[in-house]
Amino acid sequence: MARANFSRPPGQTSEFVDLPAGRIHVAKTGKGTPVFMLHGWPEFSAVWNPLSHHVHGQFCLIAPDMLGFGHSTMPSGPRDDLGADGQADIVIGLLDHFEIPAAHFVAHDSGAYVLQSLAKRHPSRIRRLLFFNCPTPGVGNRWIENGHFNHIWYTSFHQFPWVADLVG
């Protein structure tokens, strides 16, 4: 099986966009129809590089590091605006910054949760969307019932303050 190529695709640019919530890093590849790529947790924009190597000729792939991830602002302390709605507002800010009235979206994991919020609150800004491995609102405590915790242990593990030093 071939390994994924996480190197920067040819022509990929990197820029920072200052928004009220913080400074957001954005990787852009290609020209054409804009497609926003929202990463999951604990990923960042480079997770989309293997795909960018293959489709950058047909689309303009826009992969932000969500607030608190990758090269974007790392908030200090708890903030009320870091949930799906707050991250969706950041995506709207990026659409406005790049003067894109509506775009296609692909999202994974927690990025899909952000995209669900964006779709509910700003449906006119979405042309098409695809999300996968996504959390579903309303699951509640069912995830921690017997038999489920072994599948999601890493989410609790990454909450410990010493994990960044251990893993990073």
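Which residue forms a salt bridge with Asp85, and how far apart are the closest N and O atoms? The partner is Arg121, with the closest N and O atoms 3.9 Å apart.

The model is predicted, so local features need pLDDT of at least 70 and side-chain atom pairs count only at pLDDT 80 or more, while totals for chains, interfaces and linings use all residues. Residues are numbered from 1 along each chain as its sequence is written, and side-chain values use heavy atoms, with hydrogens and water left out.

**View 1. Salt bridges of Arg121 with Asp85 and Asp89.** A salt bridge is a side-chain nitrogen of Lys or Arg within 4 Å of a carboxyl oxygen of Asp or Glu. In the pair of Arg121 and Asp89, the closest N and O atoms are 2.9 Å apart; because Arg121 lies in helix H3 and Asp89 in helix H2, this pair ties together parts 32 residues apart in sequence. Through shared partners, salt bridges join Asp85, Asp89 and Arg121 into one network.

**View 2. The salt bridge between Asp18 and Arg23.** The two side chains meet at 3.3 Å, N to O. Asp18 is exposed at 59% relative accessibility, whereas Arg23 is partly exposed at 42% (buried means under 20% relative accessible area, exposed over 50%, partly exposed in between, with a 1.4 Å probe and protein chains only).

**View 3. The surroundings of Ser72.** Ser72 is buried, with a relative accessible area of 6%, and a polar atom of its side chain lies 2.8 Å from the backbone nitrogen of His25. Leaving aside neighbours within four places in sequence, the residues in contact with Ser72 (heavy atoms within 4.5 Å) include Arg23, Ile24 and Asp65.

Key: Polar contact = N/O pair within 3.5 Å; in protein donor to acceptor, adjacent residues only side chain to side chain. Helix = DSSP H or I, 4+ residues; strand = E, 2+ residues; numbered from the N terminus.
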